[in-house]
Every structure is written in structure tokens, then in C-alpha cells.
Amino acid sequence: MKKIVAQALLLSALWPAVASAALPTYDFKVVRSYPHDTQAFTEGLLYRDGFLYESTGLSGKSSIRKVSLETGKVLQSKDIPPQYFGEGLTIWGDTLVGLTWQTQTGFVFDLKTFELKNQFAYPGEGWGLTQNGKELVMSDGTATLRFLDPKTFLEVRRVKVTADGIAVDQLNELEVVDGEIFANIWHTNTIARIDQNTGKITGWIDFSKLYPQAGKGPTGENVMNGIAWDAEKKRLFVTGKLWPKIYEVKIIPRK
């Protein structure tokens with residue numbers, strides 16, 4: 001997904017140096033696992049009122065879905081027009097807001113019916129999307145997070161994401177978790193914990209032992225991507241593109 005292979009290889013080469021910066025690293029414990037559609041090229045994931053909402057990517061195969069957490073069954077879906085590569089997804093009020101990759105177009109769907117209500121434009125690429133109760137938060141593959149007005153979809157501010165002063169790009173799926181932004185780092189098994197006011201990374205969560213087959217599929221794109229937070233019950237869910245499971249995990253300090 002996203003950028004040319006050379007960039008992914010460069011990131012892989014640089015990642016150990018970035019991750020070894022003087023920041024805490026967290027491990028995880030699997031609380032429970034749930035079925036996940038192995039045909040779902042997961043781009044966005046979120047939890048609301050007992051259900052998962054998921055956006056899938058790939059041109060001609062992109063969709064938004066309402067999914068049963070317990071069974072993995074797709075309860076409702078809508079295809080995104082085939083010329084678009086679906087990306088991040090979030091809920092705002094009674095709508096689902098979704099991005100597309102390189103077509104600079106976002107969509108607004110009715111949360112209940114999935115009917116298309118509106119669309120909007122933005123410069124550059126669209127990767128991950130979440131919201132903090134006041135703003136939409138968008139990643140674009142760079143080290144920048146953009147904060148958008150949820151009514152006008154215009155940018156109101158941005159922050160540069162850094163780890164000990166080093167810019168960290170390839171920010172992909174996003175989720176606000178207890179006020180922090182959690183971000184998948186594309187082509188790694190690492191989630192960054194980000195202060196949404198300063199952009200500073202406060203720690204890394206290492207998921208390298210979660211799914212050993214990650215990145216080893218036919219195209220190497222079955223990478224970790226997808227973070228959902230159940231704020232009421234304080235449950236964190238993670239998955240990846242084409243993964244067979246969604247994992248409920250508990251974050252624990254590394255000893």
C-alpha cells in the first residue's frame with residue numbers, strides 16, 4: 001500500500017534507530033481474539049455501541065462495513081466507487097467519515113443507512129482518520145497530523161510527530177485512546193503513542209509477537225493496521241490487513 005517499495009525499505013532500515021530512542025516501550029497481553037474477514041484489507045477500524053466499523057482498501061474493492069465483534073460477520077456494507085482506494089474511517093455524530101488515498105476526496109455516510117450524504121476535498125494523500133471530540137485527526141503518510149473542522153473539513157491546525165526530536169512518518173491508522181493518539185507505523189508491528197497537542201511520541205507498543213505471519217503474505221501487505229477503542233469498557237482492539245483475527249489486548253509496561 002501507499003508508497004514505493006524503496007521508501008518501505010528505507011523505513012525498515014531506519015526503524016531500529018528510531019525505536020531505540022530513549023522512550024518507553026510497552027508490551028501487550030492478549031485478552032481475547034475474535035474472527036476477522038481474511039479478505040478485508042483493513043484501513044480504518046473503530047468501535048461503537050457494540051459493533052465494529054471497518055473501512056477496506058484496494059481500488060475496485062474498497063468498502064465500509066458494520067461488523068459483529070463476536071462473530072466477525074459483516075452485518076452491513078457499502079462499496080466505495082471503484083476509482084477510489086478507501087482509507088481511514090471515523091464516526092462523527094450520526095455519520096461515518098472516510099478518506100481515500102490519492103484522489104483527495106473524503107466521503108460522509110449516514111451511520112445507520114450508509115447512504116452517501118456529502119463529500120469533501122483535501123490536498124495530498126489520505127491515510128488514517130480519527131476524532132478527539134472536537135476535531136477530526138488525519139494522517140497523510142508524512143510526519144504531520146492534520147486537525148480538521150468536522151463541519152467544514154478545513155484544516156485548523158497541524159502537529160509534527162517526533163520521537164526525541166526525530167520526525168516519524170508513515171503514520172497510518174489512528175485512534176484516540178484516553179486522550180492520546182495511537183498510530184500504526186506502516187510496515188512495522190509498532191504503534192506509536194502520540195501527544196496530540198505537541199506531536200511528541202511518548203512511547204512505543206511492540207506487537208511483533210502478535211501475528212507472526214504479518215508481512216509474509218503473497219504481496220507482503222498483510223501488515224498490522226487497525227486500532228479500535230471501546231471507551232466505555234476500556235477495551236483496545238487491534239488487527240491487520242487480511243488478518244484472520246481481531247485481538248483484544250491489554251497494554252503493559254515492558255520489564
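Glu70 and Arg32 pair through their side chains in a salt bridge, with N to O at 2.7 Å in this predicted model. Glu70 sits in the loop between β4 (63-68) and β5 (74-79), and Arg32 in strand β1 (residues 25-35), so the contact ties together parts 38 residues apart in sequence. Glu70 is partly exposed, at 43% relative accessibility. Arg32 is partly exposed as well, at 42%.

Side chains of opposite charge can pair when their charged atoms come close. A search of the whole structure turns up 11 salt bridges.

Another of them joins Arg157 and Glu135, at 3.0 Å from N to O. Here strand β13 (residues 155-160) supplies Arg157, while Glu135 comes from the loop between β10 (129-131) and β11 (136-139), so this pair ties together parts that are 22 residues apart in sequence. How accessible are the two partners? Arg157 is partly exposed, with a relative accessible area of 26%. Glu135 has 15% relative accessibility; buried means under 20%, so Glu135 counts as buried.

Next comes Arg254. Its salt-bridge partner is Asp206, and the closest N and O atoms are 2.9 Å apart. The two lie in distant parts of the chain, 48 residues apart: Arg254 in the segment after β22 (245-253), Asp206 in strand β19 (residues 201-206). Arg254 is partly exposed, at 42% relative accessible area. The pairing also extends to a further residue. Salt bridges with shared partners join Asp27, Asp206 and Arg254 into one network.

Conventions
Residues are numbered from 1 along each chain as its sequence is written. This is a predicted model: local features need pLDDT of at least 70, side-chain atom pairs count only at pLDDT 80 or more; totals for chains, interfaces and linings use all residues. Side-chain values use heavy atoms; hydrogens and water are left out. A salt bridge is a side-chain nitrogen of Lys or Arg within 4 Å of a carboxyl oxygen of Asp or Glu. Helices (H or I, at least four residues) and strands (E, at least two) are DSSP runs, numbered from the N terminus. Buried means under 20% relative accessible area, exposed over 50%, partly exposed in between (1.4 Å probe, protein chains only).
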